[in-house]
Amino acid sequence: MDSSSGSDINLTDLSPNDKKELQQFVNNEAQKAKIQSTVHYLTDMCWKRCITSKISTGSMDSYEKPCMENCVDRYIDSQMTVLKHLEQLRGQL
Amino acid sequence: MDSLGNSFGMGGASAQSKKQIWMDKIRQEAAVDQARALIDKVSENCYEKCVPKPGKELSKGETTCINMCMEKYMSAWNTVSRKYIERIQQKDI
């Protein structure tokens, strides 16, 4: 199969309006991809912390689910704490 | 197989559909990336959980474990995604 099939659709044929719209669309998709990639990272990291027992069902139990949610919340809290402290340290200079 | 561009005969396609073709291509590529990332993570984490001592073949128990693990991982992914998006929308960041 031809992997470069995209190149035969010429971007320069698009009207300025369509180009703008397409640019906006690409920006949105990039933003979505960035969020999804963070979700992949967090799921992986929190899975290793919260899913510690043997797998016996296809769903999370009453301990695991809140653990996953807390894991995300505390990660963001930690990130905020680091940023805040960094700001403080910068102010001391 | 005809490429997307060729099969539409780009010379005759309206500007509207050209933009649409780009959007569909980008959307499709994002979906493939997303699926690939998920498959990688599921394989890695479920192999670790379900096949701690690899034998001559995948046992029935290991296969069942992998199937359940996969469902569990996807449900964990959805939980993390919901929580993360909720947090970043709170604007306390």
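Mentor: Start with A:C67, which counts as buried because its relative accessibility is 16%, where buried means under 20% relative accessible area, exposed over 50% and partly exposed in between (1.4 Å probe, protein chains only). This is a predicted model, in which local features need pLDDT of at least 70, side-chain atom pairs count only at pLDDT 80 or more, and totals for chains, interfaces and linings use all residues. Side-chain values use heavy atoms, with hydrogens and water left out.

Trainee: Which cysteine forms a disulfide with A:C67?

Mentor: A disulfide is a pair of cysteine sulfur atoms within 2.5 Å. The sulfur of A:C67 lies 2.1 Å from that of its partner, A:C50.

Trainee: Is A:C50 buried or exposed?

Mentor: The relative accessibility of A:C50 is 1%. A:C50 therefore counts as buried.

Trainee: What is the handedness of the disulfide between A:C46 and A:C71?

Mentor: The two sulfur atoms are 2.0 Å apart. The torsion about the S-S bond is about -80 degrees, so the link of A:C46 and A:C71 is left-handed.

Trainee: How many residues apart in sequence are the parts tied together by B:C46 and B:C69?

Mentor: B:C46 and B:C69 form a disulfide with sulfur atoms 2.0 Å apart. B:C46 lies in helix α2 (residues 15–50) of chain B and B:C69 in helix α3 (residues 60–89) of chain B, so the separation is 23 residues. Helices (H or I, at least four residues) and strands (E, at least two) are DSSP runs, numbered from the N terminus.

Trainee: What is the pairing of the bonded cysteines in chain B?

Mentor: The bonded cysteines are numbered in sequence order. For chain B this gives 1-4, 2-3.

Note on methods: Residues numbered from 1 in each chain as written. Chains lettered and ligands numbered in written order.
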